[in-house]
Amino acid sequence: MNSVSKPEVAVKPIVELKDVNKWYDDFHCLKDINLSVTPGERIVICGPSGSGKSTMIRCINRLEAHQSGEIIVDDVVLHEHMQGIDKVRSEVGMVFQSFNLFPHMTIAENCMAGPMWVQGVPKEEARRMAMKYLERVRIPEQADKYPGQLSGGQQQRVAIARSLCMKPKLMLFDEPTSALDPEMVSGVLDTMIDLAKEGMTMLCVTHEMGFAREVADRVIFMADGEIVEQNTPEEFFDNPREERTQQFLSQIL
């Protein structure tokens with residue numbers, strides 16, 4: 001008796017952008033963006049300065065508002081009058097170029113703040129959670145220091161741990177290594193690689209092309225507010241189709 005193969009079940013996207021447009025006054029910074037991200041997918045977004053990369057990922061947790069089109073995050077439609085934006089943001093971790101740590105709070109307290117203030121987690125549990133994720137980013141010994149006592153690379157790893165304490169379904173990284181000295185970059189990238197291997201859904205704006213080759217399921221190239229090309233890392237780097245992509249890669253590789 002022949003076995004009947006079951007039809008593949010389509011995986012529901014965790015993020016969808018449909019014909020998304022955004023303007024700053026007369027400047028059209030996002031033009032008809034369409035993007036679908038499935039759970040567990042790792043996407044690297046690259047492109048020249050001013051291409052709309054950071055704006056796009058900032059729209060995904062509504063740090064920026066789009067003017068037309070549709071953005072859906074974990075079944076929630078983002079729009080001007082929406083309720084429950086805090087819930088969406090608690091499920092979408094974001095790590096910026098600048099670390100944005102509270103300077104007057106210890107490293108552990110920085111990590112405890114979100115769970116306690118937003119999710120109502122008791123202090124003792126929040127402390128345990130903070131230590132768990134500081135261990136995960138390999139700096140538990142820094143827990144009782146203040147941000148000013150840490151290097152830039154260490155502070156960025158704290159920023160990642162702080163986001164993880166909210167137990168996000170999705171992590172957004174906005175050029176997380178661009179403000180770091182070169183010798184501090186590898187520690188942050190190693191932390192991100194560990195997250196990727198553990199199955200975290202990630203969208204990362206970066207020029208670290210070695211990271212893209214190692215981690216990404218898909219590389220997206222943006223220019224002038226548009227998604228110009230997207231492909232697997234192998235095809236993207238070895239056989240770029242679009243002239244603008246070829247030009248960009250020739251400049252950075």
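Two residues are taken to be in contact when heavy atoms lie within 4.5 Å of each other. The structure is a predicted model, in which local features need pLDDT of at least 70, side-chain atom pairs count only at pLDDT 80 or more, and totals for chains, interfaces and linings use all residues. Residues are numbered from 1 along each chain as its sequence is written, and side-chain values use heavy atoms, with hydrogens and water left out.

Leaving aside neighbours within four places in sequence, Gln154 is in contact with Ile139 and Gln142. Gln154 belongs to helix α5 (residues 152-164); helices (H or I, at least four residues) and strands (E, at least two) are DSSP runs, numbered from the N terminus. Gln154 counts as buried because its relative accessibility is 18%, where buried means under 20% relative accessible area, exposed over 50% and partly exposed in between (1.4 Å probe, protein chains only).

Helix α5 also packs with helix α4 (residues 123-136), at an angle of about 135° and with the axes 9 Å apart. Axes are lines fitted to C-alpha atoms, for helices over the stretch in contact, and angles run from 0 to 180 degrees between N-to-C directions. The two helices, α4 and α5, are therefore oblique to each other (under 35 degrees counts as roughly parallel, over 145 as roughly antiparallel, 65 to 115 as roughly perpendicular and the rest as oblique). In this contact, Tyr133, Leu134 and Arg136 of α4 meet Val158, Ala161 and Leu164 of α5. The contact residues comprise five nonpolar, no polar and one charged, with Ala, Val, Leu, Ile, Met, Phe, Trp, Tyr, Cys and Pro counted as nonpolar, Asp, Glu, Lys and Arg as charged, and the others, Gly among them, as polar.

Strand β1 (residues 15-24) pairs in the antiparallel sense with strand β2 (residues 27-37) over seven bridges; two strands pair if DSSP finds at least two bridges between them. Leu17 stands opposite Leu35 in β2. The hairpin formed by β1 and β2 has two residues between the strands, and Asp25 in the turn has a positive phi of about 55°. Strand β1 is also joined by five bridges to strand β4 (residues 68-73), the two running antiparallel, and Lys18 stands opposite Glu70 in β4.

An open sheet of six strands has the order β6-β7-β8-β3-β9-β10, with mixed pairing. Its edge strands, β6 (92-95) and β10 (226-231), each pair on one side only. Within the sheet, strand β3 (residues 42-46) runs parallel to strand β8 (residues 201-205), joined by four bridges, and Val44 has Cys204 in β8 as its bridge partner. Helix α6 (residues 182-197) packs on the sheet and touches β3, β7 (170-174) and β8, its direction making about 145° with that of β8.
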